Amino acid sequence: MATAAPTSRRGPRRALGFEVLRFGFIGLFVLFVLVPLYWVAVTSIKPVSDYLTTPPVWFPAEPTFVHYTAALFAYRGLEGLTNSFVIATATTVLSALLGTLMGYSLARFNTGGPHLSFWVLSQRFLPPIAIVLPIFLL
Amino acid sequence: MADGVGVNGVAIRRSAEPAARTSRSDRQIAWLLVLPAALLILALSIYPLIYSVWVAFVNYDFQIPGHAFVGLQNFREIINDPIARLSLVNTVILSAACVAVEFALGLLLALAMLERFRGRGLIMPLLIVPLFISPVIVGQFWSLILQPPFGPTNYLLGLLLGRPVEISWLTQTPWNFIAIVTADVWQWTPFMFVILLAGLSAIAPEMFEAAELDGASRFQTFRYVTLPQLKPLILLALTFRLLDAVKLFDVIYVMTGGGPGASTYTASFYLYQIGFQQFHLSKATAGSWIFLLLSALLIMALVRRLLRPETR
């Protein structure tokens with residue numbers, strides 16, 4: 001399916017202006033994606049005195065990593081990471097297990113016809129808030 | 001014809017053949033395999049939903065003792081609550097704006113990235129980085145960039161416009177809406193991009209050659225070859241995004257907290273506030289049923305179109 005780029009044979013007729021637009025757009029979008037990542041990364045290694053300056057500090061003169069140890073230990077980030085890891089592993093294993101069984105049955109025997117598979121998929125569309133409320137009460 | 005059709009038609013098309021061949025013991029195994037997952041879904045979503053029907057019709061409120069039956073009063077309270085209506089309007093506006101911008105940018109990006117060029121393999125993974133970041137953290141990212149005094153946005157805009165800019169991005173309407181849409185667009189445009197790029201790559205090159213031989217202009221090729229071929233995947237991408245966008249919660253929670261006042265409440269955020277901050281649980285449950293039915297209507301309309309692309 002996704003083998004050779006389909007339009008590459010239109011090559012010779014390409015207008016230069018179009019190419020400039022095209023790569024300009026790609027460049028701008030890459031910038032749009034990267035800027036937040038850069039700003040967060042660079043803020044994370046700034047000493048506190050560099051936070052509120054105008055003009056902003058684009059790269060700190062004295063990068064520091066104290067915020068990382070603070071986030072991990074003083075603010076219990078390590079605990080949060082451990083919890084995330086445990087929950088993510090457990091749900092992945094469990095859903096892969098149950099999903100494999102059901103998926104095999106649906107694909108191999110077409111159990112329940114299209115309705116069962118649609119019903120299962122439709123769970124994905126439920127707004128979480130509609131489920132969380134009653135679960136909270138139960 | 002188009003490969004994209006297969007994505008949607010697969011489950012239905014295969015149905016007739018293998019089912020006819022299965023023996024009885026096969027059929028028992030088939031249901032046995034389905035059972036655990038089906039039971040789990042029943043226990044975790046259907047049972048609570050049924051329970052919540054009861055909650056919606058009684059008085060379940062931490063401030064008032066007892067669970068007296070109150071009929072439709074909870075529903076009436078929600079419908080008459082101006083904040084509830086505002087949240088619904090916000091949900092519609094925000095999800096429409098987010099999905100529209102994401103679709104436009106995603107399609108442009110897919111068209112731009114379709115043809116190979118040097119460095120394409122390097123840019124591709126960069127473009128989908130936002131997809132792997134939790135929405136809560138995306139909200140934090142954009143708060144950090146936009147909100148003065150921590151963010152450089154106002155300073156940069158000031159340089160660009162040549163005069164000082166003092167926008168409070170998270171507390172001033174309409175800028176807070178723009179901030180929310182920006183964060184959502186940043187995270188989800190790559191999703192549109194990936195799906196649409198897959199669709200574009202699946203279009204047979206012969207179609208473009210034929211169009212070129214017929215002397216079609218670039219726009220005509222796009223309008224009469226690319227768009228119709230891409231239609232099933234456009235529908236798929238829009239459906240998935242829209243279903244997710246109406247549930248918008250995390251970004252609101254992190255960036256504006258619904259504020260200032262209740263001006264950026266979405267439906268999910270409103271229900272969370274009513275239920276888990278004010279503990280009017282019956283009112284929130286009634287509201288979540290209204291929201292559920294409204295989204296069910298949207299889902300039915302979208303999915304029905306999605307499931308039979310052949311008849312279009």
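Contact here means heavy atoms within 4.5 Å. The model shown in these views is predicted.

**Figure 1. A:Leu101 and its partners in chain B.** A:Leu101 is found in helix α3 of chain A. Leaving aside neighbours within four places in sequence, A:Leu101 is in contact with B:Leu33 and B:Pro36. A:Leu101 has a relative accessible area of 34%, so the residue is partly exposed. The cut-offs behind that label are under 20% for buried and over 50% for exposed.

**Figure 2. The interface between chain A and chain B.** In this interface, 63 residues of chain A are in contact with 86 residues of chain B. The two chains bury about 6900 Å² between them, and 78% of this area is on carbon and sulfur atoms. On the side of chain B, the residues B:Leu33, B:Glu115 and B:Arg218 supply 10% of the area buried against chain A, more than any other three residues. One of these, B:Leu33, is also a partner of A:Leu101.

**Figure 3. B:Ser52, a buried residue in helix α3 of chain B.** Helix α3 of chain B covers residues 24–57 and holds B:Ser52. The relative accessibility of B:Ser52 is 1%, so the residue counts as buried.

**Figure 4. Chain A and its helices.** Chain A has five helices and zero strands. Read from the N terminus on, the order of elements is α-α-α-α-α. Of the 138 residues in chain A, 29% are buried. Among the contacts in chain A between residues at least 6 apart in sequence, 2% join residues at least 24 apart.

**Figure 5. A:Arg76 in a loop of chain A.** The loop that holds A:Arg76 lies between α2 (66–74) and α3 (77–109) of chain A. Its phi is near 60°, a positive value in a residue other than glycine. Most residues other than glycine have a negative phi. With a relative accessible area of 53%, A:Arg76 is exposed.

Figure 6. The bond from B:Thr173 to B:Pro174 is cis, and its omega is near 5°. Most peptide bonds are trans. B:Pro174 is found in the loop between α8 (153–161) and α9 (175–201) of chain B.

**Figure 7. Helices α5 and α11 of chain B.** Helix α5 covers residues 82–114 and helix α11 covers residues 218–245; their axes come within 11 Å and cross at roughly 140°. This angle makes α5(B) oblique to α11(B). The crossing of the two helices is right-handed. Residues of α5(B) that make the contact include B:Ser95, B:Val99 and B:Phe103, while those of α11(B) include B:Phe222, B:Leu230 and B:Arg241. By class, the contact of α5(B) with α11(B) has 10 nonpolar, two polar and two charged residues.

**Figure 8. Helices α5 and α9 of chain B.** The axes of α5(B) and α9(B) come within 6 Å and cross at roughly 45°. That angle makes α5(B) oblique to α9(B). The crossing of α5(B) and α9(B) is right-handed. Sorted by class, the residues of this contact are 23 nonpolar, four polar and two charged.

Terms used: Residues are numbered from 1 along each chain as its sequence is written. Chains are lettered from A and ligands numbered from 1 in the order in which they are written. This is a predicted model: local features need pLDDT of at least 70, side-chain atom pairs count only at pLDDT 80 or more; totals for chains, interfaces and linings use all residues. Side-chain values use heavy atoms; hydrogens and water are left out. Helices (H or I, at least four residues) and strands (E, at least two) are DSSP runs, numbered from the N terminus. Buried means under 20% relative accessible area, exposed over 50%, partly exposed in between (1.4 Å probe, protein chains only). Axes are lines fitted to C-alpha atoms, for helices over the stretch in contact, and angles run from 0 to 180 degrees between N-to-C directions. Angles under 35 degrees count as roughly parallel, over 145 as roughly antiparallel, 65 to 115 as roughly perpendicular and the rest as oblique. A crossing is left-handed if the near helix is turned anticlockwise from the far one by less than a right angle, and right-handed if clockwise. Ala, Val, Leu, Ile, Met, Phe, Trp, Tyr, Cys and Pro count as nonpolar, Asp, Glu, Lys and Arg as charged, and the others, Gly among them, as polar. Buried area is the accessible area (1.4 Å probe) that two parts lose on being put together, summed over both.
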